[in-house]
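Below are a few short notes to read with the structure open beside you.

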Amino acid sequence: MLAQWAAFVHPALASAAAGLGLVPIIIHLLNRRRHRRVPWAAMSFLLAARHESRKRLFVEQWLLLAVRILVIVLLGLALARPYLQADGLSAIGEHRTHRILVIDDSLSVQAVDGGGRSRWQRALAAAGRLLAAFPTGDAVSVVTMAAPASAPLDHASYDRRAARRLIDEMSPSFQSTDVAGTLGHVTRILRESQAAAGNRAVYVFSDLARRDWEGGRSDAPVALAARRVAELAAVSFIHVATPHAPNASIRALEPDSPLVSSAMPSRFNVTVANEGTQVLRGATVDVFRGPQLMRRLMLSAIEPGQSETLSFSMSFEHAGQYQVHAALEAGPTDALEADNVRYLSVEASDDIPVLVVDGHPGLTRLEGAAGYLATALAPRVSAADPVLFQPKTIQPLDLDAEVWDEFGLIVLCNVERLTDPQWRRMNQYVSEGGGLLITAGDQVNARQYTSAGFADGSGPLPCALGEIVSTAASGVEGLTIRLAEPMHPMVGEFARVPESSLFTARVSSYIRSTATTDGAQTVLQYGDGSPALMVASHGAGRAALLTTTVDMQWANLAAKMDFVPLMLKVAGFLTRRAGAHRTTEAGRPWVEPLRLGERGQVCEFVAPDGSAHVARFEAEHERLRAVSEPIRRIGFGTARIGSRMEIFACNPSTDESDLESLDPAELESVFGERVGYVQDVERVQVADLSRRSTELSTTLLGVVFALMLIELALASRRAARVAPRGGRGQSATA
Amino acid sequence: MTEAALDHRKYLDPAVLAKITSLQLRARLIVEGYFSGMHRSPHHGLSVEYADHRQYSQGDDLRHIDWRVFARTDKYYIKQYEQETNLSCMLLVDASESMSYRSPDSSLTKHEYAASLAAAVSYLALQQRDAVGLARFDEHLSTYIRPSNNSAHWRAIVTALEEGTGPGKTSIGRVLDELAERLSQRTLVFVVSDMFDDVGRIQRGLRHLRYRRHEVVVCNLWDRAELTFRFSGPTMFDGLESAGRILTEPRSLRERYLAEVASFRAQLQAGCSRLHVDYVTFDTSTALDVALSAYLASRAARIRQRSSRVLGGG
């Protein structure tokens with residue numbers, strides 16, 4: 001019963017104190033054994049004296065003995081640091097404590113920074129130790145923090161063995177930390193708890209990554225959720241990490257262009273970050289295609305907090321899906337190895353068909369509105385040169401005759417208008433993953449584009465079109481083009497080349513854009529700040545609008561050297577089936593858009609760990625998608641829909657590579673009040689954690705002091721009584 | 001006090017007496033010491049019991065003329081003493097087991113002290129031609145020697161006194177009754193004992209003796225340790241006379257014990273006083289001649305006062 005509301009920081013000392021309580025009794029018994037024997041004649045007086053004093057002596061002796069025993073026992077107990085548990089005072093009686101164990105199983109707890117033991121091992125050991133130390137009869141729940149947070153034991157369970165088994169069967173994930181989800185689960189469990197308000201305790205076993213707790217800011221959303229939890233229960237943290245563990249990671253592995261061609265080598269970028277506090281030297285990155293080592297890249301020294309991006313090229317012999325991954329070897333000081341690998345599912349394509357609709361065709365190829373563009377998409381000197389895109393130029397009247405789904409991208413160059421059915425068809429085409437690029441010109445009916453193509457934001461156009469703006473009227477020679485902020489990754493390469501001819505182009509006219517759709521982004525803008533190139537996602541596809549011409553009518557952009565790479569970048573970004581989307585992150589589901597004719601098919605996912613399950617389907621923008629269970633292991637998985645099989649890659653969360661932890665002050669800032677905090681997990685005790693635990697040592701020492709005074713008084717009184725007095729007991733001689 | 005007397009007195013220290021194994025020699029030393037301290041005492045020995053006055057007649061010893069009476073009445077009166085009436089003295093010595101007690105600080109057991117006292121008194125009496133007898137007892141009278149004034153009688157008394165103590169318990173009340181029945185003529189009875197018996201029973205025995213007109217002197221012997229009880233530390237007290245045993249911390253009982261002893265002595269003294277019995281306490285660490293002469297001096301003083309009252313009234 002006592003153990004339900006009180007315990008000791010040093011239980012061994014408490015046991016020793018109980019043993020020490022026997023010492024006065026032993027001394028008492030030994031003294032009785034070590035008496036001397038004397039013959040005595042005046043026995044009747046001694047017997048009478050004893051009879052008269054028996055009651056007083058009994059009380060006095062045993063009271064003194066009891067006080068001495070209490071002094072020793074209580075002193076020992078005080079040294080054992082007894083405490084009332086958080087819920088102790090109110091737990092007396094039939095009330096039980098509901099204890100919620102929150103275990104961080106995110107990627108970062110795989111870090112080894114504690115004397116050869118991983119954070120995960122330390123967290124499990126501490127959780128197991130605490131679980132064993134909880135008083136019998138207390139209820140336990142378990143919540144895990146890896147995204148998405150879950151509550152494998154979401155009710156108040158009294159089955160301690162089951163809880164222990166559950167914890168023992170856990171393993172660290174490759175996922176990020178879902179603090180908000182975790183706090184949500186905890187709040188829900190606490191609100192459903194039957195335990196009294198003071199009988200709820202939450203124990204969080206985590207490395208307290210600063211980034212997960214939004215830097216410890218007291219005004220962050222997680223702080224609001226944290227305070228709700230703190231209002232409902234006593235919260236304690238078992239910090240299983242060292243504050244600054246060294247770590248290097250591969251932050252990214254991606255193709256330079258979204259389109260990977262089997263016709264020519266493709267460039268890839270791999271980015272390595274140094275998350276530690278020391279310079280990273282001598283690290284290497286091995287690049288594999290399938291099981292085959294393709295490249296070994298040597299990294300230069302990387303300063304703390306910095307990253308380095310290396311480029312390499314890789315060829316793919318034929319069209320198809322390839323498994324590419326990069327592995328970092330950063331040396332023994334790297335605390336977290338799990339983030340040293342990055343997977344990429346690459347789909348290499350033969351040349352991609354592009355349908356170019358020329359709204360103002362000329363006599364020769366370059367005289368038309370789409371001539372420069374078509375040339376830029378397939379820049380070949382001879383017919384044998386490999387190209388990435390295979391443009392097919394048609395006139396607007398021929399648009400309906402084409403099978404649009406055969407093209408990865410449709411380009412409308414200075415096309416006056418599309419009919420409403422064509423806009424509806426275009427809407428569906430883009431929604432299902434197709435790409436649409438619209439370039440302006442004097443033929444364009446802005447009103448019709450806006451009403452049918454933009455359709456108040458429901459159409460594929462990223463913005464509504466306004467009037468034509470000409471610089472000739474204002475006497476300006478022409479507007480320059482610059483990169484918009486924030487910079488779109490599509491044009492990132494130009495940012496590194498300030499002398500790019502893109503920035504020397506001059507634009508004399510453009511169509512003003514007005515309202516934009518949600519999520520539309522300006523990629524390029526003119527010198528007057530008006531958007532030049534805007535992109536927006538629409539369903540599974542993307543659409544872009546260039547507000548000037550791609551011939552020489554309104555701008556000389558088409559004549560610039562960098563027009564070709566710009567168009568290739570734009571086309572690559574817009575084209576359907578760009579490979580970048582075939583990568584996901586641990587903890588998230590894989591989403592496979594269904595193609596036409598796949599409705600009703602069964603979709604089966606095989607996760608990287610080999611587990612298979614049937615997908616569920618959900619609709620987005622009237623388009624069906626197959627959604628897997630959250631992928632928990634990193635590597636390559638497959639999605640099979642009918643006869644089609646897609647390979648996807650699952651990577652570790654990049655958020656978990658930063659191993660910097662919150663300090664206790666920041667933690668309290670988040671929770672808005674004092675929380676239990678222990679870093680020495682090897683010696684974690686319930687007492688160290690409980691914010692509301694009451695240390696009784698001081699009280700006990702006070703009691704011991706009072707008892708010692710009582711003992712002194714009793715002993716003095718006794719000594720005064722037995723001390724000889726003048727005149728008494730002397731021989732009375734006649 | 002002369003130098004010779006001082007030399008003699010040093011043998012009267014109980015520690016020295018204890019080394020003298022011969023009780024006869026011990027008793028004589030005590031008596032000699034007593035006399036050397038008395039010098040020229042106007043009282044003659046033990047049998048100084050005043051009896052009466054009578055007119056002087058020729059041939060009377062002039063030393064016995066009471067000059068105080070002569071000064072008041074201008075007539076010669078002669079003091080008449082019991083001595084002249086053949087005083088009989090009986091020494092009743094306790095030989096129970098409790099008398100064998102001797103504390104580490106004492107030289108003599110209570111019984112040895114009692115024997116020395118009895119031998120000295122008997123020697124003194126015989127010196128004055130008084131009849132002396134001896135009775136030893138524990139629960140009953142064990143030795144009984146009739147009073148006699150034959151000087152050779154002293155050897156028999158001393159021989160009896162040299163016997164040690166037995167295992168018997170002290171039962172004074174009963175023994176006094178027995179003695180009262182045995183004594184046929186008026187006798188001065190010396191009870192030499194630690195008196196460890198019920199006060200009521202003792203008083204009944206004394207009353208019986210007094211009823212038979214015997215004069216009684218109670219010599220209550222105590223060892224110093226019994227009077228001070230200065231023990232400390234856990235102690236097992238093994239009671240003599242099969243009185244059981246007690247394991248105790250004596251300091252915690254001392255106050256109460258001393259109160260019990262004081263109460264016993266007060267009751268005994270009060271009872272004796274009521275019965276006109278002399279009550280004398282002897283501490284076995286005190287020199288015997290000092291204790292003896294102190295008692296005899298006080299007794300003589302009492303007799304003189306009684307004599308004065310009689311003559312003053314006459």
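1. Where in chain A is the place of A:Glu214? Look in the loop between strand S9 (200-206) and H8. This is a predicted model, and in it A:Glu214 has a phi near 55°, a positive value in a residue other than glycine. As for its surroundings, A:Glu214 counts as partly exposed because it has 17 C-beta neighbours inside 10 Å.

2. Next, please turn to A:Asn414, in the loop between strand S21 (409-413) and helix H10 (420-431) of chain A. A:Asn414 is not a glycine, yet its phi is positive, about 50°. Is A:Asn414 buried or exposed? With 25 other C-beta atoms within 10 Å, A:Asn414 is buried; the cut-off for that word is 20 or more.

3. The bond from A:Ala147 to A:Pro148 is cis, with omega near -10°, and A:Pro148 sits in the loop between strands S7 (139-144) and S8 (150-157) of chain A. The bond from A:Glu485 to A:Pro486 is also cis, its omega being near -5°. You will find A:Pro486 in the loop between strand S24 (481-483) and helix H12 (492-495) of chain A.

4. Finally, which residues of helix H14 (664-671) in chain A are buried? They are A:Leu667, A:Ser669, A:Val670 and A:Phe671. Their cover includes helix H8 (221-232), strand S10 (234-239) and strand S37 (676-678) of chain A. After H14(A) comes A:Gly672, with a positive phi near 75°.

Key: Residues are numbered from 1 along each chain as its sequence is written. Chains are lettered from A and ligands numbered from 1 in the order in which they are written. This is a predicted model: local features need pLDDT of at least 70, side-chain atom pairs count only at pLDDT 80 or more; totals for chains, interfaces and linings use all residues. A residue is buried if 20 or more other C-beta atoms lie within 10 Å of its own, exposed if 12 or fewer, and partly exposed in between; C-beta atoms are placed from the backbone. Helices (H or I, at least four residues) and strands (E, at least two) are DSSP runs, numbered from the N terminus. Two residues are in contact if their C-beta atoms, placed from the backbone, lie within 7 Å.
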